[in-house]
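This report describes one protein, with attention to a helix and the strands around it. Please view the sequence and the structure before reading on.

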Amino acid sequence: MKDLFTTGFFHFSVSKYFCLICLNFPATKYSCQFFAAVFMLVPMKALSFLVALLLFSANEVLKAADAVPAAKIRVLLITGGHGFEKQQFFQLFRTNTELSVIEKEHPNADAMFKSDRAGEYDVIALYDMRQDSSEQAKADFIARLKEGKGLVVLHHALCSFQKWPEYIKIIGGQYHLDKTVVSGVEKPASSYKHGMHWKIQVADTNHPVTRGIKDFEIDDETYKDFEVLSDSHPLLTTDEPTSTKTIAWTRSYEGARVVYIQLGHDHTAYDNPNYQQLLRQAIRWAAKRD
Ligand SMILES: [Zn+2]
């Protein structure tokens with residue numbers, strides 16, 4: 001017995017005179033090639049079929065993934081400390097099918113900033129107004145922003161935390177309830193005017209928050225003489241004399257995307273399609289979906 005497995009096209013033999021595959025006698029590599037080719041063809045075809053099947057399956061999986069709707073943006077919506085038209089305001093969020101919303105009113109909101117509740121939301125939306133909270137709650141709030149949660153600050157939330165210097169750094173502006181000294185300069189108290197009909201210009205038409213929105217008019221309350229930090233990026237401006245010029249902006253705070261929109265006192269603003277689009281796009285951008 002010379003060799004059990006010889007080279008040359010699956011030529012099996014127990015001796016040089018007899019091939020185990022082709023059963024030819026005498027066994028030569030030439031006599032075995034036909035059968036070897038047949039034996040090769042079968043596994044090759046099977047392999048091609050398997051590869052095709054795998055590619056098809058992968059494509060189907062990708063198509064299925066495309067068909068699955070994107071996960072909802074989870075919004076922690078905080079109110080309290082200032083009156084508003086609740087039903088109409090909450091409808092803005094409840095009718096947005098992109099969102100799932102947790103509504104919390106003070107004093108129940110701070111518990112949501114604790115680390116064990118942090119996994120329940122992607123974006124914090126502030127439509128509250130308050131002047132103080134515990135040091136722990138402030139630290140928890142900042143910790144959530146450092147984790148990258150988005151922050152959308154609406155209308156009267158500009159008036160919160162007059163005596164917490166970090167708040168203006170977070171949101172990029174402040175409504176002064178009283179006259180205030182800023183960098184050694186005395187600033188007058190801010191003021192407001194209800195029921196105004198005014199014109200708004202889009203300062204950045206390319207930003208995801210304002211994309212697709214043209215200059216528009218709105219019936220809404222104006223704020224005047226409020227602070228806007230110079231490192232905020234303006235989105236909306238106005239020439240309305242009863243308003244500060246820049247009324248919406250974006251900024252970054254410790255990696256968190258922050259948007260402020262001054263608009264939104266009551267249903268005359270809530271019902272404005274431009275306001276609705278702004279709010280929708282602000283939440284998407286803060287959630288890093290754009
Ligand atoms: Zn208001």
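In strand β15, R257 is the bridge partner of S252. Helices (H or I, at least four residues) and strands (E, at least two) are DSSP runs, numbered from the N terminus, and two strands pair if DSSP finds at least two bridges between them. The model is a predicted one, in which local features need pLDDT of at least 70 and side-chain atom pairs count only at pLDDT 80 or more, while totals for chains, interfaces and linings use all residues. Residue numbers start from 1 along each chain as its sequence is written.

| Strands | Bridges | Direction |
|---|---|---|
| β14 and β15 | six bridges | antiparallel |
| β6 and β15 | four bridges | parallel |

V258 of β15 is the bridge partner of L151. The hairpin of β14 and β15 has two residues between the strands, and E254 takes a positive phi near 50° there.

Is β15 mostly covered or uncovered? It is mostly covered, since six of its six residues are buried. A residue is called buried if 20 or more other C-beta atoms lie within 10 Å of its own, exposed if 12 or fewer do, and partly exposed in between; the C-beta atoms are placed from the backbone. In a regular strand the side chains alternate between the two faces of the sheet. In β15, A256, V258 and Y260 are buried on one side, and R257, V259 and I261 are buried on the other.

**Helix α3**

Helix α3 comprises 12 residues, 135-146, and reaches 16 Å from its first C-alpha to its last, close to the expected 16 Å. The expected span is 1.5 Å times one less than the number of residues.

Which residues of α3 are buried? They are F141, R144 and L145. These residues lie on the same side of α3 because they cover an arc of only 100° around the axis, the arc being that of the directions from the helix axis to the C-beta atoms. On the other side of α3, E135, Q136, A139 and K146 are exposed. The cover over the buried residues of α3 includes β5 (123-128), β6 (150-154), α4 (165-171), β14 (246-253) and β15 (256-261). Just after α3, G148 takes a positive phi of about 105°.

**The whole protein**

The protein has six helices and 15 strands. Of its 290 residues, 33% count as buried.

Conventions. Two residues are in contact if their C-beta atoms, placed from the backbone, lie within 7 Å.
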